[in-house]
Amino acid sequence: MDYFLLYSNCVLVKGAHRATLCDLQKGAVYFIPKPLADLFLEDQAVDLVQLREKTEGDMVLFLMEIIDSLVENQLGFYTNQQEWKRFPALNKEWLFPAHISHCILDTATGRLDYFTESFVEQLSKLCCNFVQLRFFGIPPIEHLENILRLITGSQIKSVEILMPWNTAYESGCTYGKWINDYKKISSLVCWGAPSTCVVKEGARAMGYLLYTSEQINAATHCGIIDQGMFSTNITTYTESLNFNSCLNRKISIDIQGDVKNCPSMKESYGNIGDTTLVEAIGKPGFKKYWNITKDQVSICKDCEFRHVCTDCRAYLEDPGDVYSKPLKCGYDPYICEWAEWSTHPLKQKGINFYGLEKPAF
Amino acid sequence: MIVIHSQQDESTTDDVLDWLYYFGMEQVKRVNGTNPINAKALRINNHTQHSNLFDDAESSAINAYWYRRGHLACEISEPIKLGYSGFVTYFEKEYDHLTKGISQVFKQYRNINSFEDTGTNKLTNLAVAAGVDLLIPDTLVTADVKAIKAFSAIYPRIITKAIGHNRITATIDDNSYINIAVDTAIFDQDKINALPEENNFLPAVFQEYLEKKYELRIFYFHGQVYSMAIFSQLNEATKVDFRKHDTETPNRCVPYQLPEDIEKKLGRFMQHIAMNSGSIDMVVTPSGEHVFLEVNPVGQLQWLSANCNYPIEREIAKFLLHDS
Amino acid sequence: MIARSESERQKTINEFLDWLDAHRENLPVNAATWTFQYIEQQAVPEHELVSLGKYNARKAASISFYKPYSKICKF
């Protein structure tokens, strides 16, 4: 047994100061110190003979202990060169059959009057089966239930809903009723609630009712980069290798009805009142961010989290540079520390540019 | 028109439909569940094959057919079932003949599997596998206690399993039943000693216990081979039968590259049994030998494509679209 | 349907096991390795199934999107 080989759905992602080992099958992230990460051949295997020869005294023991613990945690196994051949690297293709994979609909008034049968048919033609509704104003009960009924009979697989919390709906048990009656709701998040809590636990990421005390009353709140938003799975990983992990195959309609790649962006590709989704997507520029990968973004390309994280091209640290790091990320991969982005001196230029000075919450 | 025979909650069918819709194909007819053939017609003549087997999908307009899951069945009425016993036997045989005939008719289209494949025989398959020089476990099918004892004396351990079907539903009443799982199990010395020799048992399958480095799940599809290694030895609960999934710690499942000669032999095996697609179970022993266990025509696929990131569903869609 | 009480369940299972024991000699020779599960059918009522429109699928639960749609609130 002269090699240590990672299971091929546990992938090594090297950062400037350390690496992560992303277990894409079980959805966990582990840290690997740089000296060990540097020993990996093809990011897959460690030659144990070489490790003993090329590493100094105490370090050998230290590294071998880490490898032992990786084997114990079922992240890799001891093998020989011949057996290694039988375990090819993971296929790097992004396998997600959709012209548009997800759709975000924003409203300030609580109404989405264009959400009709023919609108759902437009989504269907684009193979768009996942929808997020972001209400910055209270949706009338009747209106939202009409939308949910349309979704119930359609090809849409699930919907996530964000809306303001209010006492009348709370006392009428409206939120709980929606979760019970409409099984395609993956989560219903009520913002501006008295406290932050999980009101109803769902199962397998479906049927969650969540309250947050945060005030989420505009698209400008979007773009936060945080460990809580990491997703460790093969689809996210392969998408981030090949495409932009936020904007690829996304379509949005902002509070004015403007069809955009992302609601927080300036570029509009027509208004939903007089444009179809297909027309908007076909306009030059709609897909311009889709191919910007994390490996091209400054600082992100040195970050060990880059393939479990998502991106943001709407709010940038340097608004003049399309490859700049996301403004709302407080992580520094060179010292491996998280800091508050909004008070960071280097972020003030971007904060002023996007008019985010007023405390967001 | 592409016809897919499946079940309403079968997810691989949804995944393949995702790809068909993505490629712009909307002419798809998905038929779910047990399809009674009482009111269907099969017409055979010199000019056309014509039938209303799948309702509005006229067979002449069918471009491709995928049998994924579900049954073709003929419903025999209660009064007949309660009458003279020979009638039911006769009708069952008669409609079994029709079912096989219909399966054959659908094999004339570009197809993936057929209903007939569900009747594939695990015993003859072992013999065919041995015939194409695949290694198989030493297998004994018997109810003879003396023979079992003699067999068990050859090997350190033996296992037992069902001959062909591993579930019994023992009905209690309309709303409840006892599910009997006839899974692969170690047949240890205690159990062997407990068997009285003079008895009227029914037969079962006994095999030498194979030490496993890992198990393989291989999806064979019209000449393409997708293999996955399952590290079942890491978890106690799954050591004997990896289907007994340990939900706390799922087995590690990763892409595997079969040796070329094994791939070729599997291709020959599938040709011999005339099955164009199936999920094959194998074992890799500590000394690196690849041993064939069985093939399942309607095996679970998501497990394989999701853990290994294989484009299986896309390739199925492309095949149905005549694009491969 | 009202679920059976624990004692009633146990009685049903015991009756079944007694029957097996009584007929042990006429069952398959490996019947001692069988495992059992008592199942009360609690099929999800038809109206509670999730339907997927043109997919002609009806299932007990649907699936969520694989990553966050947007990054607007932390959980």
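Okay, chain C to start: of its contacts (heavy atoms within 4.5 Å) between residues at least 6 apart in sequence, 26% join residues at least 24 apart. Keep in mind that this is a predicted model, where local features need pLDDT of at least 70, side-chain atom pairs count only at pLDDT 80 or more, and totals for chains, interfaces and linings use all residues. Side-chain values use heavy atoms, with hydrogens and water left out, and residues are numbered from 1 along each chain as its sequence is written.

So what's in chain C?

Now, rings. A:F96 and C:Y66 make a tilted aromatic pair, 5.2 Å centre to centre with 55 degrees between the planes. For the cut-offs, Phe, Tyr and Trp rings (six-membered ring for Trp) pair with centres within 6.5 Å; under 30 degrees is stacked, over 60 edge-to-face, the rest tilted. A:F96 sits in a loop of chain A and C:Y66 in the segment after β3 (58–59) of chain C, so this pair joins two chains.

Buried or exposed, that C:Y66? Buried, at 14% relative accessibility, where buried means under 20% relative accessible area, exposed over 50% and partly exposed in between (1.4 Å probe, protein chains only). Both rings also belong to one aromatic cluster, whose members include A:W94 and C:F65.

Conventions: Chains lettered and ligands numbered in written order. Helix = DSSP H or I, 4+ residues; strand = E, 2+ residues; numbered from the N terminus.
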